Amino acid sequence: MTGRLGDLEYARGRERKRYLRYRLLRRAHEVDKAIEEFSELPVRDIIDLGTADARMLEIINRKYPGARCVGVELSGDLVEFGKAMFPHLRIIEGDVQSLDFPDGSFDVAVATALIEHLPDPGLFMREVKRVLRRGGIFVLTSPDPFWESIATRVGHLSKGQHHKVMDLPQLGRLAEGAGFAVVKAQKFMLSPVGMPFESAVERVLRRLRLDFMLANQLLVCRS
């Protein structure tokens, strides 16, 4: 397996299930904040790796309507689904570990809930580094391994769904080994379904060093 095999039912579930919709929007919010805070280049070319149904890419495109927005997805079914929903986006079928783009093609790369599905995350990191311009940023999210293990034990996730779930220090070392500079590493998402003032509560938990309670991880890297 060389990418995330997307599930059309999961993609359609984002239209019906509040918790799936919330997770997408919360990740998109973190990605948007990271691009705003750390992008030093004009945001002209954006690639979303493991784009699935391209909803994340569509949210980003609304913020940067003049940018070239490209999504790469392994599942042909999801590629067709995304194209039908968002015909203005460029969504291609491909392997995120072997991208069909020249060196330095993008200012921003995004990969949310993807790296844990890949058999060779180091190869993936090096490939992302290759297609980013110097000074470009890579925004990555991944589940926290502790909460991932709990979710698997209680049956919310099937065993073997992910190759390896890494913690933030491991992700940071992987990024640095590929030549990135890590500019932000933190956990987020206290509630999988959302709650009032969640971001404010999370800031307090981080200050109190109680961020082990947060279920997702954010890594922002500069090329």
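**Helix packing and nonpolar cores**

Student: Why are helix 5 and helix 7 called oblique to each other?

Tutor: The model is predicted: local features need pLDDT of at least 70 and side-chain atom pairs pLDDT 80 or more, while totals for chains, interfaces and linings use all residues. Residues are numbered from 1 along each chain as its sequence is written, and side-chain values use heavy atoms, without hydrogens and water. Helix 5 (residues 121–131) and helix 7 (residues 168–177) pack at an angle of about 50 degrees, with axes 9 Å apart. Angles under 35 degrees count as roughly parallel, over 145 as roughly antiparallel, 65 to 115 as roughly perpendicular and the rest as oblique; the two helices are therefore oblique.

Student: Which residues of the largest nonpolar core touch the most other members?

Tutor: Ile35, Ile46 and Val139 do, among 29 residues. Such a core joins buried Ala, Val, Leu, Ile, Met, Phe, Trp, Tyr and Cys residues through side-chain atoms within 4.5 Å, buried meaning under 20% relative accessible area (exposed is over 50%, partly exposed in between; 1.4 Å probe, protein chains only). Helix 2 supplies the largest share of this core, seven residues.

Key. Helix = DSSP H or I, 4+ residues; strand = E, 2+ residues; numbered from the N terminus. Axes fitted to C-alpha atoms, helices over the stretch in contact; angles between N-to-C directions.
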